[in-house]
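Subject: Structure for you to look at

Hello,

Here is the structure for you to look through. Please open it first, then read my notes below.

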Amino acid sequence: MKKPSAAITAVHSVVPQKILSNQDLEKMVDTSDEWIVSRTGIKERRIVDNGQTLSDMGSEIVIQICKKRGISPLEVDMVIVGTVTADHRFPSTSNIICDKSGATNAWGFDLSAACSGFIYTLVTGQQFIETEKYKKIIVIGGDVMSSIVSYKDRNTCIIFGDGAGGVLLEPNLEGLGVIDSILKADGSGRDLLIQKYGGSAYPITKENVEHPDAYVYQEGRSVFKFAVTNMADVSAEIMERNNLNGDQVDWLIPHQANLRIIDATANRMGLSKEKVMINIEKYGNTTSGTIPLCIWEWESKLKKGDNIILAAFGGGFTWGSVYLKWAY
Ligand code: UT7
């Protein structure tokens with residue numbers, strides 16, 4: 001009997017209501033709208049308010065996905081959450097989302113892969129579907145970056161935003177869904193993009209709580225060089241090994257870290273601008289959230305059978321690409 005592939009059958013995203021614009025940031029740090037737009041493409045980002053948490057966004061995603069698909073949360077087998085800003089060190093945000101959304105028959109876990117969080121979770125979910133033991137898996141990518149960014153550091157606070165998105169994965173017998181993936185990691189780049197304090201290596205103490213290392217640190221220029229090369233390389237590689245040329249790819253869904261990195265990846269793949277999903281101007285870099293936020297916003301334009309390439313690069317370093325065929 002034919003083995004099922006893992007297909008996306010529903011998508012939903014949640015972003016906080018509150019907008020933090022470049023003009024707002026001009027009042028907080030020494031920066032300008034002109035600098036931020038020309039260097040990154042970002043005009044505004046969303047920031048949580050009134051105690052909104054990742055699990056609040058994630059549980060809404062589970063509820064809305066189930067509604068859309070006409071199923072009960074009780075039918076969900078697993079919830080996997082890609083994030084570096086879980087509600088707590090433990091228990092996992094997956095556990096909390098399952099409780100808040102009523103997905104109480106599901107099990108799951110959080111997965112830490114920074115900006116590659118969504119593609120790592122997607123490929124992880126795919127493996128469980130392909131075992132044929134699990135039929136409905138929700139994979140979520142989301143981050144509350146405002147909880148770990150210093151709004152005194154202009155190198156980082158202008159880039160990041162909060163938001164989350166998720167997709168339902170189900171078995172597909174038409175050859176649609178995730179076809180191929182390349183996932184990579186190189187821990188030697190860890191110091192270039194890191195929240196150094198707050199883990200077990202350097203627990204937060206009253207002496208270090210105000211230190212810059214208690215927040216996200218990024219050596220932007222070095223990370224840019226790795227990101228621009230690796231995201232383009234891995235996207236070209238997945239096209240090559242699946243015999244795809246630029247005309248055959250319908251959509252590139254890139255991680256939204258920097259417009260210049262996205263453009264370089266699209267150029268390398270031979271794709272015209274209309275085929276590239278870009279919403280960085282509205283949401284900034286939501287880390288694990290960027291790719292599902294794009295899928296959600298472009299859902300109505302996607303057609304069954306569309307060839308889609310996802311590509312991401314992030315802290316760790318982690319990076320990779322996924323080739324999937326849209327299933328509805
Ligand atoms: O998402 C996961 C992976 N992350 C990425 O892919 C991010 C990769 N890196 C980048 O996107 C870019 O490096 C940044 C957007 C972070 C920075 O852009 P850049 O063109 O690499 O700028 P830079 O860090 O080289 O800084 C250029 C200048 C510096 O001034 P000097 O030394 O030339 O006088 C900075 O001090 O811009 C200054 N600068 C700023 N000026 C105004 C740095 N941040 C700001 C700011 N506003 N917010």
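Start with Phe317, which lies in the loop between strand S12 (307–314) and strand S13 (318–325). Helices (H or I, at least four residues) and strands (E, at least two) are DSSP runs, numbered from the N terminus. The peptide bond from Gly316 to Phe317 is cis, and its omega is near -5°.

Some ground rules. This is a predicted model, where local features need pLDDT of at least 70 and side-chain atom pairs count only at pLDDT 80 or more, while totals for chains, interfaces and linings use all residues. Residues are numbered from 1 along each chain as its sequence is written, and side-chain values use heavy atoms, with hydrogens and water left out.

Backbone
A cis peptide bond also joins Phe90 and Pro91, with omega about 0°. Pro91 sits in the loop between strand S4 (78–82) and helix H4 (93–101). Asn50 has a positive phi, near 50°, although the residue is not glycine. Look for Asn50 in the loop between S3 and helix H3 (54–69).

Domains
The chain splits into domain 1 (5–175) and domain 2 (179–325); the bounds come from an automatic or database domain assignment. In the contact, domain 1 takes part with 50 residues and domain 2 with 46 residues (contact means heavy atoms within 4.5 Å). The C-alpha centres of the two domains are 14 Å apart. About 3,700 Å² is buried between them, and carbon and sulfur atoms give 62% of that area. Buried area here is the accessible area (1.4 Å probe) that two parts lose on being put together, summed over both.

Across this interface there are 19 residue pairs in polar contact, both residues at pLDDT 80 or more. A polar contact is a pair of N or O atoms within 3.5 Å; within protein, one must be able to donate a hydrogen and the other to accept it, and residues adjacent in sequence count only if both atoms are side-chain atoms. On the side of domain 1 that touches domain 2, elements giving two or more residues include strand S1 (5–14), helix H2 (33–40) and helix H5 (117–130). H5 gives the most, with 7 residues. That side of domain 1 divides into 20 nonpolar, 19 polar and 11 charged residues. Ala, Val, Leu, Ile, Met, Phe, Trp, Tyr, Cys and Pro count as nonpolar, Asp, Glu, Lys and Arg as charged, and the others, Gly among them, as polar.

Salt bridges
The count comes to 12 salt bridges (a side-chain nitrogen of Lys or Arg within 4 Å of a carboxyl oxygen of Asp or Glu). Between domain 1 and domain 2 there are 2. Glu299 pairs with Lys68, their closest N and O atoms 3.1 Å apart. Glu170 forms a salt bridge with Lys136, where the closest N and O atoms are 3.1 Å apart. Glu170 is in strand S7 and Lys136 in the loop between H5 and S6, so this pair ties together parts that are 34 residues apart in sequence.

Ligand
Of the 25 residues around the ligand, Thr31, Arg39, Arg221, Asn258 and Asn285 come nearest (near means a heavy atom within 4 Å). His255 has a polar side-chain atom 2.9 Å from a ligand oxygen atom. For Arg260, an N or O atom in the side chain is 3.2 Å from an oxygen atom of the ligand.

Best wishes
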